[in-house]
Amino acid sequence: MFWLFLIGSIGLVLIGIFGLITRSHLIKLLLSLNILETGINLTMIVLGYQNGGKVPIIHSLLDLTKPINFVDPLPQALVLTSIVIGLGTTALALILIVNYYYKTGKLSLERSENEKENIDE
Amino acid sequence: MESVRPSRTIFGILLILFLGYAFYQGIIDKNGKPLIGKTKTTDRVSYNMIEKNVNRSRNVSNKLFSGIKVPYKPGTKNLEDGTANIITSIVVNYRGFDTLGEVMVLFTSLTGFLMLFPSLKRKEKLTKPSFIVRNGLIPLYLITLLVGIYIVFHGHLTPGGGFAGGAVIATGLLLLLIAQFKINEKLLSVLETVAGLSFLTIGLLGLFIKGSFLQNFLNPGPLGNLFSSGIVIYINLVIGLKVASELGSLVNRFTEEE
Amino acid sequence: MNSIVLLIVLPLVFAFLIPIFKGLGKYASKIVTILSMLTGMGFAVYFFITLQVPVKAILGGWKPPFGIVLVGDKLSLLFVMIIYILAFLNLFFFDNNFKEHSKFYTLYNIAIAGTAGMILTGDIFNMFVFIEITGIALYSLIAYSGKEQALKGSIKYLIIGSMTSLFLLLGVTLAYHILGSLNLAHISSKFYQIPNNLKFLILSLIFTSFFVEAEIFPFNMWVPNAYKGANIPIAALLAGIVSIAAGYLLFRFRYLYGGMRSFGNMLVWFGVITVVIGEFSAYFTYDLRKILAFSSIGQMGLILIAAGISNDLSVYGGFFQILSHSIAKMLLFLLAGFIIYEAGTENVKKMGGFGKNHPYLTGIFLIGALSLAGIPGLMGFWGKFNIVGGGIAAGRILPISIVLLAAIAESVYLIRVVFHLFKTDEGKIIEKKKIPLGYLMVVILLSLTIVVIGVYPQLLNQVLNDATKIIMNSGSYIRMVLG
């Protein structure tokens with residue numbers, strides 16, 4: 001199971017990188033970034049996974065003398081942080097893109113052919 | 001429509017093939033056997049966090065941390081951290097400073113968001129919500145609020161905590177916005193500032209009372225009780241408040257009319 | 001000494017106080033920020049002066065490999081102190097007519113707290129969090145000016161920065177998966193156990209993130225746009241303050257890559273490519289801000305080369321280079337701000353006449369430029385001198401000779417700027433504008449620092465030798481943190 005999960009999540013990471021490399025539309029870039037982020041988060045969960053591991057919560061009904069059965073809780077805690085950071089980045093990126101669109105009227109960072117560089121804008 | 005140049009696609013395919021291959025090469029040894037996946041939780045720091053014997057563990061050479069095992073059952077008192085949910089205990093207690101950083105990230109991005117929000121007038125008027133939407137959403141909002149508060153308060157016992165609960169409460173605020181109730185943005189920003197300052201105050205109290213920033217200066221209490229685990233529940237409360245007010249003012253900004 | 005956490009927490013407290021006090025008046029946010037930087041500076045100087053042995057601040061009361069730990073030694077506290085001093089000096093250049101200035105100052109405080117956190121923390125996941133805090137604050141600050149270039153730079157920075165910090169996260173998790181810890185000292189004490197290819201993978205994943213902040217090729221395409229578009233104090237913040245933190249991280253992680261010649265080689269060659277690209281792009285442009293941006297890229301490439309060579313001399317030179325670059329680049333950006341304001345253009349060719357109006361300011365610009373180019377007698381010389389010496393001692397003649405060639409290009413284009421400033425254009429007269437007093441004092445202070453340390457480098461000798469020892473000797477760091 002470990003390897004299946006790992007291949008799947010690394011696959012998502014690679015899809016995200018592919019999107020970031022090939023696309024120029026800003027919203028698509030942001031979506032690729034989010035796919036990449038999901039892939040990394042899943043990878044982190046996988047790296048903390050243990051076969052047959054339980055949710056790391058001390059149950060009220062069970063006497064857990066062998067808490068080692070838990071999956072590793074630390075990567076899950078890290079993923080929580082990572083998700084929140086991703087949320088903040090995405091919100092900020094969207095507002096930057098909106099600003100850019102209002103300023104230039106386009107949704108791509110690439111310069112079109114008829115534009116010339118002018119030092120004093 | 002956006003056109004994708006074929007040269008770029010080929011470059012992208014080659015690049016991800018290379019990266020995938022590099023990753024594969026990184027995680028196998030010389031005989032082609034994988035280096036990762038042989039999980040041994042006992043070798044990791046989280047083992048002592050599960051066992052709740054961080055303070056009693058010793059550093060044996062640099063390999064293992066052997067500690068004294070604390071047999072714990074529901075209701076056990078004086079564990080070093082009375083949190084039943086070990087993930088919450090890591091997020092809020094063992095690695096509480098990360099969570100402070102996380103809250104700061106959210107605050108930073110919201111501040112940037114509000115600073116850069118373009119001042120433009122809405123082109124179309126919003127349609128008035130129907131009677132059913134306006135009145136049906138109130139009980140729904142109350143239920144959402146209740147669920148959110150429950151999740152915040154039980155973060156140390158069940159899955160959940162400040163971030164999840166705060167997000168649920170913010171969803172409730174979004175419901176209010178659909179019904180076109182006005183939310184006072186000033187109030188949200190005051191709540192946010194108060195929550196942020198109280199997080200830092202809890203941390204500084206730990207520094208001045210116990211000598212370490214964000215240290216638990218309250219009694220942990222029996223495992224499994226609602227008011228157990230010392231400052232964890234208060235930090236969860238503060239985080240919940242902060243996340244709810246931040247996400248609330250984020251969605252609120254979109255519906256504002258000039 | 002658990003109180004060194006105040007260096008990170010105090011700016012955050014002030015950041016939260018700004019929304020409360022902003023109603024009190026036009027300058028309230030600025031005064032709160034000045035107070036914040038002054039208290040931070042006071043604490044940093046106090047901690048640095050009273051420091052006898054390296055200290056650690058345990059957070060949450062959990063001992064090191066379990067909880068998060070902040071490490072204050074001669075190196076990290078020196079850098080934090082310099083960050084606070086430069087951040088305080090930078091405040092003199094803020095325009096008082098900002099529209100949403102309270103949020104701007106809030107973000108400034110958070111960015112400083114983030115850079116201080118990046119330097120002080122001894123936990124690699126915590127470092128990721130601080131990199132993100134700094135990054136997100138910087139994306140907004142860069143975009144604040146509202147220019148197209150600034151937005152472009154900000155979006156590029158955001159996408160590259162988030163992508164690479166996710167790689168950093170993957171590297172951190174892999175290290176945790178194998179070694180079971182997130183503490184830098186604990187990881188470096190066990191890092192020898194894992195095979196080289198896995199080491200290489202983890203280190204590459206981690207270093208991509210540093211490369212963004214350190215403006216290393218190929219992660220530096222945001223730099224010209226951001227420096228071109230951002231407000232001058234923010235460009236100075238990027239060049240003078242964030243680069244310190246980035247350079248510091250490159251050296252601090254020598255604990256992990258110290259024994260690996262293959263990884264050091266990779267760093268050296270990335271650095272060489274960066275130097276060449278930076279210096280030659282600067283050579284072919286006449287845009288004052290872009291010249292400074294590209295020169296910044298070149299200097300950071302040199303720092304990466306020093307990190308890659310990583311023997312005593314080059315580490316010493318690398319620290320010298322970090323400090324001299326940040327001071328000189330900050331000075332040049334601040335001067336460039338005034339030049340652009342007076343000349344009304346960013347094109348170097350149209351700036352003739354400024355030198356006639358303000359010969360002394362142009363002289364100070366020349367001092368900063370010569371220091372960057374590494375002319376003997378100024379602060380920048382000693383950094384380059386030691387790095388070159390370290391490279392020759394390590395037998396890496398080819399990279400060093402390429403770097404020396406690039407340095408010639410650098411001195412040519414920097415002196416060319418001064419030449420254009422002194423050139424008088426007959427048809428066009430630049431109106432002379434008054435120099436604000438606070439501005440003048442800061443500029444003189446920075447240039448005096450460059451000259452004095454250039455003439456008496458032994459002033460920094462003691463502290464930088466200590467810093468070099470800290471970096472070269474991972475054993476004492478590990479014992480200090482885990483013991």
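**Close-up views of a predicted model**

**View 1. Chain A and its helices.** Of the 121 residues in chain A of this predicted model, 45% count as buried. Chain A is built with 3 helices and 0 strands. Read from the N terminus, the order of elements in chain A is α-α-α. Among the contacts in chain A with a separation of 6 or more, 59% join residues 24 or more positions apart.

**View 2. The contact of chain B with chain A.** Chain B puts 46 residues into this contact, and chain A puts in 39 residues. On the side of chain B that touches chain A, the elements giving two or more residues are helix 1 (6-27), helix 2 (45-51), helix 3 (86-94) and helix 4 (96-116) of chain B. Sorted by class, that side of chain B holds 25 nonpolar, 13 polar and 8 charged residues.

**View 3. The paired strands of chain C.** Strand 1 (residues 55-58) and strand 2 of chain C are paired in the antiparallel sense, with 4 bridges. C:Lys56 has C:Val71, in strand 2 of chain C, as its bridge partner.

**View 4. The two faces of strand 2 of chain C.** Strand 2 of chain C spans residues 69-72, and both of its faces are covered. On one side lie C:Val69 and C:Val71, both buried.

Conventions. Residues are numbered from 1 along each chain as its sequence is written. Chains are lettered from A and ligands numbered from 1 in the order in which they are written. This is a predicted model: local features need pLDDT of at least 70, side-chain atom pairs count only at pLDDT 80 or more; totals for chains, interfaces and linings use all residues. A residue is buried if 20 or more other C-beta atoms lie within 10 Å of its own, exposed if 12 or fewer, and partly exposed in between; C-beta atoms are placed from the backbone. Two strands pair if DSSP finds at least two bridges between them. Two residues are in contact if their C-beta atoms, placed from the backbone, lie within 7 Å. Ala, Val, Leu, Ile, Met, Phe, Trp, Tyr, Cys and Pro count as nonpolar, Asp, Glu, Lys and Arg as charged, and the others, Gly among them, as polar.
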